[in-house]
Amino acid sequence: MNVYDVIIIGGGPAGLNAAVVLGRCRRNVLLFDHGKQRNRFSHGMHNYLTRDDVLPTDFLTISNKEVKKYGVKILRKEVKYARKKEEIFIIRDADSKIYHSKKLILATGLTDILPKIKGAEDFYGSSMFHCPYCDAWEVTGKKLGVYSKNKSGIEVALTLSTWSDDITLYTDGRNYVRSKDQQKLDEKNITVVNERVLCLKGNKGKLKNIVLKNEEMLRCDALFFSNGYEVQSDLVESLGCKLGKNNLAITNRFQQTNIPGLYVAGDASRDMHFVVVAAAEGAKAGVYINKELLSETF
């Protein structure tokens, strides 16, 4: 039976950076990548020194080349099953092939839940976003909208006031803004529209208008949404990890879970969803896995 030192599930920045660290430590590493990275629709990465505006696809191409240089094996397959038996992790891919490893890193990431608005998919990643810190700079001074059916939209709208003085909060028929929240919004001249949203209008990925159910059309250059997210894989839960807020794995500062030998890195483990943070978590996991493997040989 071939037993890898480490299997990494997830080919985003967390999984790839862990693979680089472990590859440089001369570990026998297998990485699974199904190609569904959360930021694959983005027009460019931000908040990552030396990688500003780099397309996610270009980032992955560079990263994969570096990883392979250190002997890491990459499989373009989805993992359907994982469990631990005694000291070995058993992995099964979509083709029912079985793999074994001493350590396991889950870097499976998240998926943003798009609002159920007609046209949303046409603008996602180009003029419709979920993170102000990642994309608001590019629309500085523009007419911005925030779509949210829950009160988290208030925080997003207030945050966006850093980049624009023209912001509208769309609650899509909900009326959750309390008087104290309204006062904060008024101080920033943020308009609240409670009318139901019918659809989004624009051309070639560029949003131009938000159409309300009463057929009123309001101009909007970019729309930020607060609609939640979900984990891309249930492997964390099926392996018995303790879960915290939003079903994210609870880890220590080394990315270790409550399951010995199991690490979780990237968006699936934290609320700070930046590429640079995910990559750093992958690096930490790689270092401490190598330390564990060394200690087990003495």
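**Helix packing**

Analyst: In this predicted model, helix α5 (residues 152-160) packs with helix α6 (residues 179-187) at an angle of about 20 degrees, and their axes are 10 Å apart.

User: Are α5 and α6 parallel or perpendicular to each other?

Analyst: Angles under 35 degrees count as roughly parallel, and α5 and α6 are therefore roughly parallel to each other. The crossing in which α5 passes α6 is left-handed.

User: Which residues meet there, α5 to α6?

Analyst: On the α5 side they are I154, A157 and L158, and in α6 they meet D181, K184 and L185. The residues of this contact divide into 4 nonpolar, no polar and 2 charged.

User: Now another pair. At what angle do the axes of α1 and α8 cross?

Analyst: The axes of helix α1 (residues 13-24) and helix α8 (residues 275-295) cross at roughly 35 degrees and come within 7 Å. Here α1 passes α8 in a right-handed crossing.

User: And which residues in α1 and α8 meet?

Analyst: From α1, the residues are P13, A14, N17, A18, V21 and L22. They meet V275, A278, A279, A280, G282, A283, G286, V287, I289 and N290 in α8. By class, the residues of the contact of α1 with α8 comprise 12 nonpolar, 4 polar and no charged.

User: Staying with α8, how many residues has it, and what span does it reach?

Analyst: Helix α8 has 21 residues. From its first C-alpha to its last it reaches 31 Å, close to the 30 Å expected at 1.5 Å a residue.

User: Which residues of α8 are buried?

Analyst: The buried residues of α8 are V275, A278, A279, E281, G282, A285, G286, I289, N290, E292 and L293.

User: What covers the buried residues of α8?

Analyst: The cover includes the helices α1 and α2 (56-69). It also includes the strands β1 (3-9), β6 (98-106) and β17 (262-264).

User: Zooming out, how many helices and strands are there in the protein chain?

Analyst: The protein chain has 8 helices and 17 strands. Its C-alpha trace spans about 70 × 35 × 35 Å along the principal axes.

User: What percentage of its residues count as buried?

Analyst: Of the 298 residues of the protein chain, 50% count as buried.

User: Last topic: among contacts between residues at least 6 apart in sequence, what share joins residues at least 24 apart?

Analyst: In the protein chain, 57% of those contacts join residues at least 24 apart.

Definitions and conventions. Residues numbered from 1 in each chain as written. Predicted model: local features only at pLDDT ≥ 70, side-chain atom pairs only at ≥ 80, totals over all residues. Heavy atoms only, no water. Axes fitted to C-alpha atoms, helices over the stretch in contact; angles between N-to-C directions. Helix = DSSP H or I, 4+ residues; strand = E, 2+ residues; numbered from the N terminus. Left-handed = near helix turned anticlockwise from the far one by under 90°. Contact = heavy atoms within 4.5 Å. Nonpolar A, V, L, I, M, F, W, Y, C, P; charged D, E, K, R; others polar. Expected span 1.5 Å × (residues − 1). Buried < 20%, exposed > 50% of the residue type's maximum accessible area, 1.4 Å probe, protein only. Parallel < 35°, antiparallel > 145°, perpendicular 65-115°, else oblique.
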